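Here is a short briefing on one protein chain. It moves from charged pairs to helix packing and then to single residues.

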Amino acid sequence: MTASQPISAPLAEVYDLAVIGGGINGCGIAADAAGRGLSVFLCEQHDLAAHTSSASSKLIHGGLRYLEHHEFRLVREALGEREVLLNMAPHLVRPLRFVLPHRPHLRPIWMIRAGLFLYDHLGVRHSLPGSRHLTFGPGCPLKAEIAEGFEYSDCWVDDARLVVANAISAREHGAHIHPRTRCIGARRSKGLWHLHLEREDGSLLSLRARALVNAAGPWVEQFLQETLHQPSAQHLRLIQGSHIVVPRLHDGEQAYILQNEDGRIVFVLPYQQRFSLIGTTDCEFHGDPATVQISDEEIDYLLTVVNTHFRQQISRSSIVSHFSGVRPLYDDASGSPSAVTRDYHLALASEHDGAPLLSVFGGKLTTYRKLAEAALEQLAPFFPHLQPAWTASSKLPGAEELDSVSKLADELCDSHGWLSPDLARRWAGSYGTRAWQLLEDVHCLMDMGENFGAGLYAREVDYLCSEEWARSVEDILWRRSKLGLFLGPMQQQRLVRYLQAQHGEVTEQARPIVHERLAPAYATPLLRLDDSATKRPAR
């Protein structure tokens with residue numbers, strides 16, 4: 001089954017596993033289960049990674065701050081997963097050094113040294129260098145009164161592409177992946193789950209499954225109560241996290257982790273070469289997670305933290321883009337949102353005739369693979385022929401025979417002399433060795449089709465639609481890529497017309513707001529997208 005046929009492909013009479021939710025946990029569980037020999041069906045009410053999983057800080061990290069809350073098991077597991085994911089997807093995950101400025105009145109230096117010692121030794125670390133003390137000198141982007149700090153290792157990740165890579169892996173192991181398909185009802189009968197689904201076009205379908213996984217993220221409880229009509233002994237804390245994007249604040253490829261008076265931290269990350277990504281916040285959220293939007297208070301909070309540390313001051317007019325997401329954290333009865341555990345909890349429920357239901361509460365991007373393994377371990381008694389765990393030594397699609405992203409980019413240019421180095425690097429870092437598929441039967445630049453701007457050609461658009469379930473401008477510009485930062489309104493309109501003409505899609509264009517003051521500094525306009533966790537257009 002190809003991505004261009006996610007709905008029309010024939011459904012199995014009975015699936016082993018039905019997964020509700022196309023975020024990182026749902027797709028990770030689907031990929032793991034399909035690779036162990038189970039027949040898998042996954043549905044997602046919107047696009048893959050449309051919500052929490054594309055609104056993260058783009059990090060694979062152990063969680064240095066979690067040590068203060070004594071979450072040693074979670075930190076140990078997350079630290080180990082950095083190395084695993086670097087091997088699984090080196091095109092999507094890369095090492096990143098973090099600079100932690102020391103401000104004596106916030107945390108004493110002995111505490112930071114002790115925390116970093118634990119961070120260096122608590123989990124497996126083969127390739128990532130350890131921490132070290134720093135003395136800041138001339139040329140440092142931090143304010144003069146910040147004289148010293150520390151440096152340590154974690155990793156950056158393209159979060160939405162990691163989700164899609166897991167969905168592709170699941171599909172290539174036989175799973176059926178159905179975005180834009182909502183489960184509107186499910187009940188147990190004669191040892192099976194009977195599911196009723198509604199597609200985006202309003203058409204209906206039904207299927208049966210031996211087990212059901214509820215990985216609906218912020219909607220886990222709602223799915224239990226409103227769709228399954230079941231109470232839940234476990235609960236979620238919905239925590240809003242927002243980010244802003246501004247023109248680059250510093251040279252170099254290091255990130256900064258900034259301490260604040262409230263005990264929280266804020267990251268400043270190099271982003272898409274020209275920008276800095278700043279976040280995140282921690283606020284209680286009440287309401288529909290699909291409507292989450294950054295607040296004025298969150299913007300002021302992030303600006304204040306950055307301006308307290310950096311020589312270069314930023315303001316609201318500096319903001320190029322922003323996005324918000326709702327983190328579905330397992331409710332451990334902690335007081336402040338920052339103290340709520342980032343660990344996951346799996347709740348298994350089965351009746352006397354079988355048909356288990358596994359609900360996923362909490363979790364974080366870094367530990368999705370371990371969560372999937374734990375989920376399959378709980379489901380194993382219901383599937384006697386389940387094959388052993390396999391993902392720890394696997395490669396995600398695009399990582400096959402990948403030595404390095406830079407070497408692959410050079411090989412793409414060498415074999416296609418007309419291909420620009422910038423485009424080759426972006427493709428290598430987005431698709432890995434699958435970039436060769438984009439160049440099949442392409443012999444010259446004209447074969448790439450229409451250029452919509454920023455190196456986005458019709459060839460890539462067609463690939464994303466046929467192989468990666470992309471349907472809309474938002475899917476392409478804000479999840480499968482981040483090119484929405486570079487394409488102006490006219491270019492986006494051309495993409496809308498192309499999708500409608502070539503792929504029959506009715507798409508909505510994300511309404512951009514051009515920052516005129518910033519635009520002359522770049523080859524293409526910078527856009528401000530009023531961007532929620534669903535990346536839906538501003539109204």
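There are 40 salt bridges in this predicted model.

**Salt bridge R97–E151**
- R97 pairs with E151 in a salt bridge, and their closest N and O atoms are 3.1 Å apart.
- The pair connects two strands: R97 is in β4 (residues 93-101) and E151 is in β6 (residues 148-157).

**Salt bridge K482–D158**
- K482 and D158 form another salt bridge, with 3.4 Å between the closest N and O atoms.

**Salt bridge R171–E467**
- R171 forms a salt bridge with E467, and here the closest N and O atoms are 3.6 Å apart.
- R171 belongs to helix α4, while E467 belongs to helix α11 (residues 458-467).
- The two residues are 296 residues apart, and the pair links distant parts of the chain.
- R171 is buried, with a relative accessibility of 8%.
- E467 is partly exposed, because its relative accessible area is 23%.
- Salt bridges with shared partners also join D47, R161, R180, E468, D475, R479 and R480 into one network.

**Helix α11 and its cover**
- Which residues of α11 are buried? They are A458, E460, V461, Y463, L464 and C465.
- The cover over these buried residues includes α4, α9 (421-431), α10 (435-438), α12 and α13.
- Just after α11, W469 has a positive phi of about 65°.

**Packing of α9 with α11**
- Two packed helices are described by the angle between their axes and the distance between the axes.
- The axes of α9 and α11 come within 13 Å and cross at roughly 5°.
- Angles under 35 degrees count as roughly parallel, so α9 and α11 are roughly parallel to each other.
- From α9, the residues R426, W427 and Y431 meet E460, Y463 and L464 of α11.
- By class, this contact has four nonpolar residues, two charged residues and no polar ones.

**R342 in a loop between strands**
- R342 is placed in the loop between β16 (321-330) and β17 (344-351).
- R342 counts as buried because its relative accessibility is 5%.
- The side chains of R342 and D282 are joined by a polar contact of 3.1 Å.
- Not counting residues up to four places away in sequence, R342 touches R65, Y66, E71, L74, D282, R327, L329, P337, G363 and K364.

**S394 in a loop between helices**
- S394 lies in the loop between α7 (368-379) and α8 (405-415).
- With a relative accessibility of 10%, S394 counts as buried.
- A polar atom of the S394 side chain lies 2.7 Å from the backbone oxygen of T391.
- Which residues does S394 contact, leaving aside neighbours within four places in sequence? S394 is in contact with N87 and M88.

- D296 lies in helix α6 (residues 296-309).
- D296 is partly exposed, as its relative accessible area is 48%.
- D296 and E401 are 105 residues apart along the chain, and their C-alpha atoms are separated by 47 Å.
- L487 lies in the loop between α12 and α13.
- L487 counts as buried, because its relative accessibility is 0%.
- L487 and G398 are 89 residues apart along the chain, with 26 Å between their C-alpha atoms.

Terms used
Residues are numbered from 1 along each chain as its sequence is written. This is a predicted model: local features need pLDDT of at least 70, side-chain atom pairs count only at pLDDT 80 or more; totals for chains, interfaces and linings use all residues. Side-chain values use heavy atoms; hydrogens and water are left out. Helices (H or I, at least four residues) and strands (E, at least two) are DSSP runs, numbered from the N terminus. Buried means under 20% relative accessible area, exposed over 50%, partly exposed in between (1.4 Å probe, protein chains only). A polar contact is a pair of N or O atoms within 3.5 Å; within protein, one must be able to donate a hydrogen and the other to accept it, and residues adjacent in sequence count only if both atoms are side-chain atoms. Contact means heavy atoms within 4.5 Å. A salt bridge is a side-chain nitrogen of Lys or Arg within 4 Å of a carboxyl oxygen of Asp or Glu. Axes are lines fitted to C-alpha atoms, for helices over the stretch in contact, and angles run from 0 to 180 degrees between N-to-C directions. Angles under 35 degrees count as roughly parallel, over 145 as roughly antiparallel, 65 to 115 as roughly perpendicular and the rest as oblique. Ala, Val, Leu, Ile, Met, Phe, Trp, Tyr, Cys and Pro count as nonpolar, Asp, Glu, Lys and Arg as charged, and the others, Gly among them, as polar.
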